[in-house]
Amino acid sequence: RAMPFLIKPYLKISNINQSISPYGLGLAIQAYVNYYRIFKEEKYLASAIEIETVLKGFLITTTSKNIGVPTPPEDDSVSSLPAGAEVALSYIDLFELTQKDYYLSQAIKIANSFIFDHKIKYLAADRIAIDYYSNNDGLHVLNANALAAVVFHRLNVINNTLPYQNYIDGIVNYILPYLDYEKLPYSGVEDRNNKN
């Protein structure tokens, strides 16, 4: 942290491939949007919009014709729930600031991908767990599901005619029992690898 200029040489010496992460670009957009909201300087909004032009080149069309967000250097044809959520949140932020329908449409397509391209496990007591990856991996990561619920909620706030309330309720019901733990576990007991 004290010497960030050492990161790239360290990666090179360690033979770690550098790549641009759409996940990271989504987080960068959110950071610039927050700078803009706080400081009201147009350069921050302009930076967020500029990053989006790079980000959209990394997004994939899913089998359901929605938008998926891969996590390089992993398989570029497989989308990730947390990467998708962070990118969707960045699009929601851009929509709220600009009111451009394109940004809202992108966020909705990503949210719909969670429903149609990731396997959803319906559990007892109206609980829902969405797979981490779109390849039916059986990984039910709690914070990834929480992020998906936030995306669904923020889209419902913008347009409550969208069909997301059952998913919000189901995910919250899935996560609630784990809030009694001293620390939030990585995954639910239903997870294929159960990394609790």
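Biologist: Leaving aside neighbours within four places in sequence, which residues is Leu-155 in contact with?

Modeller: Contact means heavy atoms within 4.5 Å. On that basis Leu-155 is in contact with Ile-92, Leu-104, Ala-107, Ile-108, Ala-111, Leu-162 and Tyr-164, neighbours within four places in sequence left aside. This is a predicted model, where local features need pLDDT of at least 70, side-chain atom pairs count only at pLDDT 80 or more, and totals for chains, interfaces and linings use all residues. Residues are numbered from 1 along each chain as its sequence is written, and side-chain values use heavy atoms, with hydrogens and water left out.

Biologist: Which residues touch the most other members of the largest nonpolar core?

Modeller: In soluble globular proteins, nonpolar side chains tend to be buried together. A nonpolar core is a set of buried Ala, Val, Leu, Ile, Met, Phe, Trp, Tyr and Cys residues joined through side-chain atoms within 4.5 Å. Buried means under 20% relative accessible area, exposed over 50%, and partly exposed in between (1.4 Å probe, protein chains only). The largest core here has 56 residues, and Val-151, Phe-152 and Leu-155 touch the most other members. Among the elements that give two or more residues to this core are helix H4 (81-98), helix H5 (101-116) and helix H6 (142-158). H4 gives the most, with 10 residues. Helices (H or I, at least four residues) and strands (E, at least two) are DSSP runs, numbered from the N terminus.

Biologist: How is a pair of aromatic rings described?

Modeller: The description uses the distance of the centres and the angle of the planes. Rings of Phe, Tyr and Trp (its six-membered ring) pair if their centres lie within 6.5 Å; planes under 30 degrees apart count as stacked, over 60 as edge-to-face and the rest as tilted. The structure holds 14 aromatic pairs. Tyr-35 and Tyr-44 have ring centres 5.2 Å apart and planes at 45 degrees, so they are tilted. Tyr-132 and Tyr-133 have centres 4.7 Å apart and planes at 75 degrees, so that pair is edge-to-face.

Biologist: Are Tyr-132 and Tyr-133 buried or exposed?

Modeller: Both Tyr-132 and Tyr-133 are buried. Tyr-44 is also buried, at 17% relative accessibility, whereas Tyr-35 is partly exposed at 40%.

Biologist: What joins the side chains of Ser-79 and His-118?

Modeller: A polar contact of 3.4 Å. The term means a pair of N or O atoms within 3.5 Å; within protein, one must be able to donate a hydrogen and the other to accept it, and residues adjacent in sequence count only if both atoms are side-chain atoms. Ser-79 is buried, at 2% relative accessibility.
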